[in-house]
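I set out to record what I looked up in this structure, entry by entry.

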Amino acid sequence: MAPREGAGRVILAVDPGGTTGWAVRYDDGRIEYGQDAPLDFCTRAHSMLAAAHDRGEHTEVVCESFSIRADTIKKSFQPDALELIGVLRYLSHWLGADFILSPPANKALFPNDRLKLIGWYAKGMDHARDALRHLAYRSLRRGIIALPQ
């Protein structure tokens, strides 16, 4: 099913890994966020994307990119991150969502101070905060929010 003309827009941002941070913005401006174990998040993502698809909403999945290089393999081997990226790419394709990889550098535009200014700071949830940074960056790019000073 293609998104309905005039239907809402949902943005799901994800910080994939052993603890997966996620944040979702609905067309009405509601924000939800959290952190899950990888397989628990796969179940959550499937439910969220399927529900948006059934409502005819246009959905974007914004996922932090992860590349294996000589320096990253020494720091942190992240099979969970790579596997989640694959699952999200598949779910997006299957359920008609746009899939967007977001470089880790995009998070720098929204340090904690800026997240607090827009009311998107998740206290004690580092991975959810990183997902909120990607959500804020994508929302800024789409003209949904302005860059707080």
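**Entry 1: Asp36**

I began with Asp36 and found it in strand β3 (residues 31–36); helices (H or I, at least four residues) and strands (E, at least two) are DSSP runs, numbered from the N terminus. I note that this is a predicted model, in which local features need pLDDT of at least 70 and side-chain atom pairs count only at pLDDT 80 or more, while totals for chains, interfaces and linings use all residues. Residues are numbered from 1 along each chain as its sequence is written, and side-chain values use heavy atoms, with hydrogens and water left out.

Is Asp36 buried or exposed? I recorded Asp36 as buried, at a relative accessible area of 13%; buried means under 20% relative accessible area, exposed over 50%, and partly exposed in between (1.4 Å probe, protein chains only).

I then listed the contacts of Asp36, a contact being heavy atoms within 4.5 Å. Setting aside residues up to four places away in sequence, Asp36 touches Gly18, Thr19, Thr20, Trp22, Phe41 and Arg44. Two of these neighbours, Trp22 and Arg44, also make polar contacts with the Asp36 side chain. A polar contact is a pair of N or O atoms within 3.5 Å; within protein, one must be able to donate a hydrogen and the other to accept it, and residues adjacent in sequence count only if both atoms are side-chain atoms. The side chains of Asp36 and Trp22 are joined at 3.1 Å, and those of Asp36 and Arg44 at 2.6 Å.

**Entry 2: The sheet**

In what order do the strands of the sheet lie? I read an open sheet of 5 strands in the order β3-β2-β1-β4-β5, with mixed pairing; two strands pair if DSSP finds at least two bridges between them. β3 and β5 are at the edges with a single partner strand each, so one side of each has no neighbour in the sheet. From one strand to the next, the twist averages 15°; axes are lines fitted to C-alpha atoms, for helices over the stretch in contact, and angles run from 0 to 180 degrees between N-to-C directions.

I took the antiparallel pairs next. β1 and β2 are joined by 5 bridges, and a hairpin connects them through 4 residues. Asp15 stands opposite Gly21 in β2, and the bridge partner of Gly21 in β3 is Gln35. β2 and β3 pair over 6 bridges in the antiparallel sense; their hairpin has 5 residues between the strands, and Gly29 in the turn has a positive phi of about 95°.

The parallel pairs involve β4. Strand β1 (residues 9–15) is joined to β4 by 6 parallel bridges, with Val62 in β4 as the bridge partner of Ala13. β4 also pairs with strand β5 (residues 98–102) over 5 parallel bridges, with Phe99 in β5 as the partner of Val61.

I checked burial in two strands. In β2, 6 of the 6 residues are buried, so the strand is largely enclosed by the rest of the structure. In strand β4 (residues 58–64), 7 of its 7 residues are buried. Both faces of β4 are covered, with His58, Glu60, Val62 and Glu64 on one side and Thr59, Val61 and Cys63 on the other.

**Entry 3: Helices and cores**

Helix α1 (residues 38–54) lies across β1, β2 (20–25), β3 and β4, at about 15° to β2. Helix α5 (residues 126–141) lies across β1, β2, β3, β4 and β5, at about 40° to β2.

Which residues have the most contacts inside the largest nonpolar core? They are Leu12, Val24, Phe41, Leu49 and Leu88, in a core of 22 residues; a nonpolar core is a set of buried Ala, Val, Leu, Ile, Met, Phe, Trp, Tyr and Cys residues joined through side-chain atoms within 4.5 Å. β1, β2, α1, β4 and α3 (79–94) each supply at least two residues of this core, and α1 gives the most, with 7 residues. Leaving aside neighbours within four places in sequence, Leu88 contacts Val14, Phe41, Ala45, Val61, Cys63 and Phe99. A second, separate core has 15 residues, including Ala23, Leu135, Tyr137 and Ile145.

**Entry 4: Cysteines**

How many disulfides are there? I counted 0 disulfides, a disulfide being a pair of cysteine sulfur atoms within 2.5 Å. Cys42 is in none, and the nearest cysteine sulfur, that of Cys63, is 11 Å away. Cys42 is buried at 17% relative accessibility, and Cys63 is buried at 0%.
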